[in-house]
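User: I have a structure to go through with you. Please tell me what each label rests on.

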Amino acid sequence: MVEERGQVIDVNASGSVVSVVQTSACKSCKARQGCGQAVLSEWGSADRQDAKNHFFIDSANTLASRALRPGDVVRLGIPEDALSRAAVWMYLWPLLPAFLALWVATRLSLPEPVQLVAAVLAGAFAVIITRWRFAHPGKTAQPRILSIEEPAVGVFAREAG
């Protein structure tokens, strides 16, 4: 189980929204200048970046022993196999249809521009399927609240300020 600390920022009848402090090592990494991940992590508006760190936790996945309130610090968990499946969907799946379309177009002796268009269209179709898949995650891919913790001083100073 992969675990991360977060702070409850909103609670309603259907569930809670938990903000997770990004614990990325990008700021201390020596390869930062040549790393695409560092560039992508800074791409977009501040609101959009914050939204990436917000998770909706269904009320069925909350701890029954205590009602959550905004400001509570919780420990979230997600199974490792769910992360592995997500990596396959994000990185491997879009490449497979693109390579398959390229192979078929090559076997049919189609001109190179047509081969390229076939590969791009198949890859784009796979990306659309992936986006739909992540918009409708299964129960195993949802983070769960494992525990409610006592807040440490200054851990979530950004949200408080």
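User: How many helices and strands are there in the protein chain, and what makes a stretch count as one?

Analyst: The protein chain has six helices and five strands. Helices are DSSP runs of H or I with at least four residues, strands are runs of E with at least two, and both are numbered from the N terminus. Along the sequence the pattern reads β-β-α-α-β-β-α-α-α-β-α. This is a predicted model, in which local features need pLDDT of at least 70 and side-chain atom pairs count only at pLDDT 80 or more, while totals for chains, interfaces and linings use all residues. Residues are numbered from 1 along each chain as its sequence is written, and side-chain values use heavy atoms, with hydrogens and water left out.

User: What is the order of the strands in the open sheet?

Analyst: The order of the five strands is β3-β2-β1-β4-β5, with antiparallel pairing. At the edges are β3 (54–58) and β5 (144–149), each of which pairs on one side only. Neighbouring strands of this sheet are turned by 40 degrees against each other on average, direction ignored; the axes behind this angle are lines fitted to C-alpha atoms, for helices over the stretch in contact, and angles run from 0 to 180 degrees between N-to-C directions.

User: Why are β1 and β4 called paired?

Analyst: Two strands pair if DSSP finds at least two bridges between them. Six bridges join β1 (residues 2–11) to β4 (residues 73–78), so the two strands pair. They run antiparallel, and Q7 stands opposite V73 in β4.

User: What makes E3 and R75 a salt bridge?

Analyst: The term requires a side-chain nitrogen of Lys or Arg within 4 Å of a carboxyl oxygen of Asp or Glu. In E3 and R75 the closest N and O atoms are 3.9 Å apart, and therefore the pair qualifies. This pair links distant parts of the chain, with E3 in strand β1 and R75 in strand β4, 72 residues apart. By this rule the count comes to two salt bridges. Side chains of opposite charge can pair when their charged atoms come close.

User: Which residue meets D72 in a salt bridge?

Analyst: D72 meets R69, at 3.9 Å from N to O. The side chain of D72 also reaches the backbone nitrogen of R69 at 2.9 Å.

User: Which residues make the nonpolar surface patch?

Analyst: L100, W103, V104, L108, L110 and V114 make a patch of about 560 Å². Patches take residues with over 30% relative accessible area and no salt bridge, joining like charges within 9 Å and nonpolar side chains (Val, Leu, Ile, Met, Phe, Trp, Tyr) within 5 Å. Areas come from the Shrake-Rupley method with a 1.4 Å probe; for residues, only the protein chains shown count as cover. Helix α4 (residues 95–107) gives the largest share, three residues. V114 is in helix α5 (residues 112–135), and its 39% relative accessibility makes it partly exposed.

Technical notes:
Buried < 20%, exposed > 50% of the residue type's maximum accessible area, 1.4 Å probe, protein only. Polar contact = N/O pair within 3.5 Å; in protein donor to acceptor, adjacent residues only side chain to side chain.
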